[in-house]
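In these entries I record what I looked up about side chains and their partners.

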Amino acid sequence: VIRFATSAICNPGQRAAKPRPFKARDFLAPLAGSCFYRVEGWWTYEFCYGKHVRQFHQENKVTTADFLLGKFVEGENMRPEPVRPADGGDASYSQYYSQGTACDITGGLRKTEVQFVCAAEQHNVFHSIKEKASCEYVVVFYTALMCNHPAFQIQEDPLVQMDCYPADPTVYPMPSMPSID
């Protein structure tokens, strides 16, 4: 006698719900409506999640220079899931902000990649901004929000027990050591 217990048999009109995959963007939902700032020398950088990345300078509360480094365009150039680099570095999830201020060097529009990295000990931190090419920027944003996503879990090597036994000196002779005289 074989017995099955499944929801498909017990409730033929209902299907078991498929588990919903983890979406990196869902973990970042609490950032909606928040802006973060970083001051580097003369410039102030503003990152507003899901809105824009901006570079500006103020003197006496008056903005004297202002560049849009990219705005968030829903569904455009979004990496679907976190990526762990081949070098074993930190996993990151990227969002791309495009259609920024025109670049006088390239003639194109400024754009920014925002990389979200798990940082369990830190709350949301606009860690750095670099210009990887003329008018193309990379923002690194540390957040504990991503640490629960499976791709950000620390991958530990499994422990392996190793048993050692003395070798038979007739089979594996010890190398001779030079004498010290």
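Entry one. I looked up Arg54 and Glu46, and both are buried (buried means under 20% relative accessible area, exposed over 50%, partly exposed in between, with a 1.4 Å probe and protein chains only). Their side chains meet in a salt bridge at 3.1 Å, N to O; the term requires a side-chain nitrogen of Lys or Arg within 4 Å of a carboxyl oxygen of Asp or Glu.

I note that the model is predicted: local features need pLDDT of at least 70, side-chain atom pairs count only at pLDDT 80 or more, and totals for chains, interfaces and linings use all residues. Residues are numbered from 1 along each chain as its sequence is written, and side-chain values use heavy atoms, with hydrogens and water left out.

Entry two. I found that Arg54 also forms a salt bridge with Asp66, at 3.0 Å, N to O. This pair links distant parts of the chain, 12 residues apart: Arg54 lies in strand β3 (residues 52-59) and Asp66 in strand β4 (residues 62-72). Strands (E, at least two residues) are DSSP runs, as are helices (H or I, at least four), numbered from the N terminus.

Why does Arg54 count as buried? Its relative accessibility is 18%, under the 20% limit. Asp66, at 40%, is partly exposed. Shared partners join Glu46, Arg54 and Asp66 into one network of salt bridges.

I recorded a salt bridge between the side chains of Arg38 and Glu40, at 2.7 Å, N to O. Arg38 is partly exposed at 27%, and Glu40 is partly exposed at 28%. The count of salt bridges comes to four.
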